[in-house]
Amino acid sequence: MDGKIALVLVTLLVAGIGMVFSGIMIFSGTFEEPKIAPPLMPISPLTPTPPPIQTASPPPSPPPPTPAPTPTMGYPLVTYEPPTARYGRFQLLISDTQADIADFEALTLTFSHVRVFKLGDSNSEAGFRELSLERPSAELTQVVNEKAVRILNTSLEAGNYSKIELYVETVDARLWSGETADVQIPSDKLQIIKAFEITEDETTKFVFDVNVVRKGQSNEYNLLPVIAESGVVGREISEDEVLEVSG
């Protein structure tokens, strides 16, 4: 009985000492709880990656069959050729009717260009052609009455024409008295409306007649076309009435 009591006392003493020691450790901060290692994950064996499966490319499609040529019916090939233009020769001469030209020692006109207006199939204007002059000036005191000087010689499409416009660039007018005269031209152009024809492979000479007229007793003059004295040589005007000079 005494032995059991002694064993119980020893056990209580050891437990008390352990509790005191644990309290000291906790109080001093040196006590660490035991760490539990994480469980180990099982390592799976490496599985080799299978190589990619290569599939064969499909064979190329065969080309479509070439269609058989369509048989022709044997018709002849028809081509369109535009009509060939026909041309004749056109000469323009300028002359001066005797009026007040005797007042001038010199009366020189310088031209810029000329326009000739063509007629269409229905005798309506079909446009005009603008031409440069081979001789851009004319001295009117040298082409009085039957005398005329040629200012244009060119190729012109055959057909009927209705009008000529002669554009004047400058006028140099000097009277016998030594004074300068003021010669006026309406709209800076001389215009004649008169029908004429250009014939293929032939030469047409057209005389453009003008007249200088004094205005009262001043040194002012008007230069005007004379339709009655203008026209085609050999048709409206006799060849004997035209004396072509060099100017």
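**View 1. Strands β2 and β6 side by side.** Strand β2 (residues 104-119) runs antiparallel to β6, and 13 bridges join the two. Strands here are DSSP runs of E with at least two residues, helices are runs of H or I with at least four, and both are numbered from the N terminus. Two strands count as paired if DSSP finds at least two bridges between them. To find your place in this pairing, look for F117, whose bridge partner in β6 is K163. What you see is a predicted model, with residues numbered from 1 along each chain as its sequence is written. Local features need pLDDT of at least 70, side-chain atom pairs count only at pLDDT 80 or more, and totals for chains, interfaces and linings use all residues, while side-chain values use heavy atoms, leaving out hydrogens and water.

**View 2. Strands β6 and β8 side by side.** β6 also pairs with strand β8 (residues 189-198), again in the antiparallel sense, over 8 bridges. A handy landmark is G159, whose bridge partner in β8 is I198. In a regular strand, side chains alternate between the two faces of the sheet.

View 3. Is E165 buried or exposed? It counts as buried because its relative accessibility is 4%; the cut-offs are under 20% relative accessible area for buried, over 50% for exposed and partly exposed in between, using a 1.4 Å probe and protein chains only. Beyond its neighbours within four places in sequence, E165 is in contact with H113, V114, R115, F117, K189, L190 and Q191. Contact means heavy atoms within 4.5 Å.

View 4. Side chains of opposite charge can pair when their charged atoms come close. A salt bridge is a side-chain nitrogen of Lys or Arg within 4 Å of a carboxyl oxygen of Asp or Glu, and the structure holds 9 of them. In one, the side chains of K163 and E165 meet at 3.7 Å, N to O, and both of these residues are buried. E165 also forms a salt bridge with K189, where the closest N and O atoms are 3.3 Å apart. That pair links distant parts of the chain, since K189 sits in strand β8 and E165 in strand β6, 24 residues apart. K189 is partly exposed, with a relative accessible area of 24%.

View 5. The side chains of K215 and E220 meet in a salt bridge of 3.5 Å, N to O. Both ends are partly exposed: K215 has a relative accessible area of 33%, and E220 has one of 31%. Salt bridges that share partners also join E134, R150, K205 and E244 into one network.

**View 6. The largest pocket.** How much volume does the largest pocket have? The answer is about 250 Å³. Of its 17 lining residues, the closest to the centre are N145, D209, E229, I237 and E241. β1 (87-96), β5 (147-157) and β9 (203-214) each supply at least two residues of the lining. On a 1 Å grid over the protein atoms alone, a pocket is an open set of points where a 1.4 Å probe fits, with protein on both sides within 12 Å along at least five of seven lines; lining residues have an atom within 4 Å of a point. Grid points are joined across faces, edges and corners, and the volume is the space filled by probe spheres set on them.

**View 7. Three loop residues.** N145 lies in the loop between β4 (137-139) and β5, and its phi is near 60 degrees, a positive value in a residue other than glycine. At 43% relative accessibility, N145 counts as partly exposed. D201, found in the loop between β8 and β9, has a positive phi of about 60 degrees although it is not a glycine. D201 is exposed, with a relative accessible area of 70%. D240 belongs to the loop between β11 (231-232) and β12 (243-245) and is exposed, at 73%. Its C-alpha is 8.4 Å from that of E146, although the two residues are 94 apart in sequence.
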